[in-house]
Amino acid sequence: MRHAVVLVFAAITALTACGPKVTNERSVADITKHLPATLEAARPRDGEPRTVKVRVWADAGVRALPKWKEEIGDQIDYASQLLTPMLGVRLAIDKIGDWNRAGDPAGALQALAEADKGDQVTWVIGYVTPADTASKAMSELGNAEPLGKYVVVRAWAEKPESEALAGSLPDLKEAERTEVLAAHRRHKQTVILLHMLARTLGAIHESDPAWIEHPLYSPKQNTFADRTRELLQLAVDERIAGGDDKAVAAKLLESIEKNAWGGWIAANQEEVTKRLRMIVDTGKAGKTAAAVPAAAYDQYARIKELAKQGKTSDALAELDNLLVAYPGNAAMHQLKCEILLAASTRPKPAPAPPGKDPKAKPAPPAKPNPPDDASRAACKKASDLAPGDPSPHIAVAQALARVDDLKGARAELASAEAKVANLSGPQAEEAWRKLIEMYQGMGALTWTEAAIGKAKLDKDPVAAQVAQTRARYGIPKGAKFVAPDQEAALVAAIRAALDLVYASKYPEAERALATADKKWPGAPGLAAARCDLDLRMGRVDPARAACERALAADPNDSWALYLSGVIGLKTAAGTPRGIEQLKKAISVDPDLGQAWRTLGKAYVRAKDRGAWEKLSADYQAKFGTPLPP
């Protein structure tokens, strides 16, 4: 840990031993007082440290410096010497690579994120060309974002930094000066790295100049404040455990707000907590944490609230002003996309005709409108600025689904699916669940199942719901009689026909089934509905034939199985077959309560007390009510 000090002591000892004696010979203490502080952790942690990997990229300006790779490795090692006893983590370099970038260092953080997805590492660190002047402002020496995994560090500016130090150093011999400057370089570059790493863990600027998270660099900095250390420990533990940004941000906010501390700089505390709230809020909305600048977040949140209140014009006017300052911000363009979509698709009720009879029935609710060109253009702009983000496609798909344009919605969701691969961990799972929810809402059984398979969500409850719908309405997997975008319409047609049957509107039910048969010939669910109609009209043989057609096309059509069981129970000879059909109906559609209750009556007729008691116990456990006798 005192590596730099040891080097200086060794050099000074060697020089003074060999040189001539002089009356004003400096002591070792005279030299060491010009060295930077040694990094150290109070109250070291017990236990074995956990290794976290970092990947390093150096641009051309850094690679032109002598011994650049060795010095970066040494600085990361020195940072690790503080983090190991302080937080219980050891930094391990996964790779040091050439970074092909140039231009303004202000854009380096974004360029780093675009160049490296950050797979298999905790941090990605980019070293950029040194500045032309010496600086103490941390904002000029590096960059990082709260809960980000990317860190940028500006390399040591040899000439301006040496000149800035020259005035504070005594008249040193060349070897001594070299060692002292090396110690300052190592300390400053390591402190910058630690400051930026801490920022990614939610650290807040500290007021004491001797603390590493102070906004200005000082050679006296040697550790973090204990209160900051608590935040860093919380965040790094959550990150190592695989917690997503939303969960980490929520815990950090709770810690910051429950335990106020006067050692943080208030303005930066407000900025950091604002960014953490943004991460929590965007997580609740089912999005990845978009890069809304902290300075704009309050205005961004106000615009969202105006849109929520239906004040579209006010929201758009304020948003357009914000986009003047941030024309390339994808999150803001995404918000514009969503506001315009909501406004353009909002139903516009027709005005009531003059002299309308007050007793007349109210007009049916107006239908939503398709998204207009302006909203589609805004969403395309958002997608162009963030080509890897599925959010614009999901927003457009929702608007299209509301106007029953399922093919159009499917095209947008297919584009979104292709981009979910750009996300990882909880964000990817959340995006998949959003897509699955949309497909299910559209009634698209095949697309829902396909999305569940791609998401690799084991035992997802939606899969069970889809399976039940398939069984209840006779739409087996791989059915050729209905296209995926027509599955919802077929289910609706079967339900409508059955509603007419149960309302004893038999002629209307006949016509509805005839119309549906022309559109989806051979659909088992329609045959089962016809079986139900015939059975209620007392036409047992036609009913039996219709159910047999349904089961020939789909042996797991639970409604046809149930009705076949009912038909079987009409005669003593048919009771055994009726019982088997009812048992199978329950096995493929466990929530079909009618089948349970009819089977109970069948067991009573068959005088099978043991079977009835077993069924009764299972029924009580499933439905929470006794099985009728």
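This report describes selected parts of one predicted model, beginning with a sheet and ending with single residues.

## Basis of the description

The model is predicted: local features need pLDDT of at least 70, side-chain atom pairs count only at pLDDT 80 or more, and totals for chains, interfaces and linings use all residues. Residues are numbered from 1 along each chain as its sequence is written, and side-chain values use heavy atoms, with hydrogens and water left out.

## The sheet

Five strands form an open sheet with the order 2-1-3-5-4 and mixed pairing. Strands (E, at least two residues) and helices (H or I, at least four residues) are DSSP runs numbered from the N terminus, and two strands pair if DSSP finds at least two bridges between them. The edges are strand 2 (89-98) and strand 4 (142-144); each has a single partner strand, so one side of each is left without a neighbour in the sheet. On average, neighbouring strands of this sheet are turned by 20° against each other, direction ignored.

Strand 3 (residues 123-128) pairs with strand 1 (residues 50-58) in the parallel sense over 5 bridges. Trp 57 has Gly 126 of strand 3 as its bridge partner. The pairing of strand 3 with strand 5 is also parallel, over 5 bridges, and here Val 124 stands opposite Tyr 150 in strand 5.

How many residues of strand 3 are buried? The count is 6 of the 6, so strand 3 is largely enclosed by the rest of the structure. Buried means under 20% relative accessible area, exposed means over 50%, and partly exposed lies in between (1.4 Å probe, protein chains only). Trp 123, Ile 125 and Tyr 127 point one way from strand 3, while Val 124, Gly 126 and Val 128 point the other way.

Helix 4 (residues 68-87) lies across strand 1, strand 2 and strand 3, and runs at about 160° to strand 2. Helix 5 (residues 108-115) packs on the sheet and touches strand 1, strand 3, strand 4 and strand 5 (150-154); its direction makes about 130° with that of strand 5. Contact means heavy atoms within 4.5 Å. Axes are lines fitted to C-alpha atoms, for helices over the stretch in contact, and angles run from 0 to 180 degrees between N-to-C directions.

Val 121 is located in the loop between helix 5 and strand 3. With a relative accessible area of 9%, Val 121 is buried. Apart from neighbours within four places in sequence, Val 121 is in contact with Lys 53, Val 54, Arg 55, Asp 94 and Lys 149. The C-alpha atoms of Val 121 and Gln 440 are separated by 36 Å, and these two residues are 319 residues apart along the chain.

Gln 233 belongs to helix 9 (residues 226-240). Its relative accessibility is 14%, and Gln 233 therefore counts as buried. Beyond neighbours within four places in sequence, Gln 233 is in contact with Arg 45, Arg 50, Met 86 and Leu 87.

In helix 19 (residues 445-455), the buried residues are Leu 445, Trp 447, Thr 448, Glu 449, Ala 451, Ile 452 and Ala 455. Lys 456 follows helix 19 and has a positive phi, near 55°.

Helix 20 (residues 461-473) packs with helix 21 (residues 487-502) at an angle of about 50°, and their axes are 11 Å apart. The two helices are therefore oblique to each other. Angles under 35 degrees count as roughly parallel, over 145 as roughly antiparallel, 65 to 115 as roughly perpendicular and the rest as oblique. Helix 20 contributes Thr 469, Arg 470 and Tyr 473 to the contact, and helix 21 contributes Glu 487, Val 491, Ile 494 and Arg 495.

## Loop residues with positive phi

Arg 43 is not a glycine, yet its phi is positive, at about 50°. Arg 43 lies in the loop between helix 2 (28-32) and strand 1. Is Arg 43 buried or exposed? Arg 43 is exposed, with a relative accessible area of 53%.

Ser 504 also is not a glycine and has a positive phi, of about 60°. The loop between helix 21 and helix 22 (506-519) holds Ser 504. At 46% relative accessibility, Ser 504 counts as partly exposed.
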